[in-house]
Amino acid sequence: MIGAHLGRLGGVIARPRATFDRLLSGQGSLWEVFFWMVIVTAAIAPTRAGRAVLIGRGSLVDGALAFVTMMSSRMMVPLVGTLAAAGVLWLWAKRHETTPPCEVLLDATAVCLVPFLLLAALGALLHHAGLELWFMPHRSLNGRSWPFWVRGAVAFAWSIGLYCVLALRLRFYGRDEA
């Protein structure tokens, strides 16, 4: 079970077409990626995660709210992007008459966030090791100048490429390839 889970997460990087075919057949879940989002968010902001745990020791509700606030400030852009991409891909698939179930499509688009999570974790690891790379996505996306656009491109270019591969795989959904 863990091997299949790690195979899907690593497969989206190593063999995206085969991984998307398996995801579109119903293997995998959004919750697998969400688990890693929680882990990476805690690695990106360890002080805020620790504060949420300490607050949770006094009041479970307040601690949960502090953790949800931390998650929303760090992962809102990727989650909204995933929902938007799932909606766009669902409309595109409907146009091509190859519509998979909505939850399957959401699971497949969520797996496209694996490169973002990998880069964010790597950026946090390098930051804690003393090497700060300003363009890595372990920092919040904010600002209006060129660093914002560079950080956004580094954070999401790989995921957007995977969304495009997923869109191409949707053309063959439900059909036998010869």
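Helices and strands here are DSSP runs, numbered from the N terminus. With that in hand, let's look around this predicted model.

View 1. The chain has 8 helices and 0 strands, so its elements, starting at the N terminus, read α-α-α-α-α-α-α-α. Among contacts with a separation of 6 or more, 66% link residues 24 or more positions apart.

View 2. Buried residues make up 34% of the chain. The largest nonpolar core has 33 residues, and those touching the most other members are Phe-20, Leu-24, Val-33, Met-37, Met-75, Leu-117 and Leu-166. At least two core residues come from each of H1, H2, H3, H5, H6, H7 and H8, and H8 gives the most, with 7. In soluble globular proteins, nonpolar side chains tend to be buried together.

**View 3. Met-37 and its partners.** Which residues does Met-37 touch, not counting those up to four places away in sequence? They are Met-71, Met-75, Leu-79, Leu-113 and Leu-117.

View 4. Ile-2, Leu-6, Phe-35, Trp-36 and Ile-39 make a patch of about 490 Å². Helix H1 (2-14) and helix H3 (30-44) each supply at least two of its residues, with H3 giving the most, 3 residues. Trp-36 lies in helix H3 and counts as partly exposed because its relative accessible area is 30%, between the cut-offs of 20% and 50%.

Conventions: Residues numbered from 1 in each chain as written. Predicted model: local features only at pLDDT ≥ 70, side-chain atom pairs only at ≥ 80, totals over all residues. Heavy atoms only, no water. Patch = residues over 30% accessible without salt bridge, like charges linked within 9 Å, V, L, I, M, F, W, Y side chains within 5 Å. Areas by Shrake-Rupley, 256 points an atom, 1.4 Å probe, with all protein chains shown as cover. Salt bridge = Lys/Arg side-chain N within 4 Å of Asp/Glu carboxyl O. Helix = DSSP H or I, 4+ residues; strand = E, 2+ residues; numbered from the N terminus. Buried < 20%, exposed > 50% of the residue type's maximum accessible area, 1.4 Å probe, protein only. Core = buried A, V, L, I, M, F, W, Y, C linked by side-chain atoms within 4.5 Å. Contact = heavy atoms within 4.5 Å.
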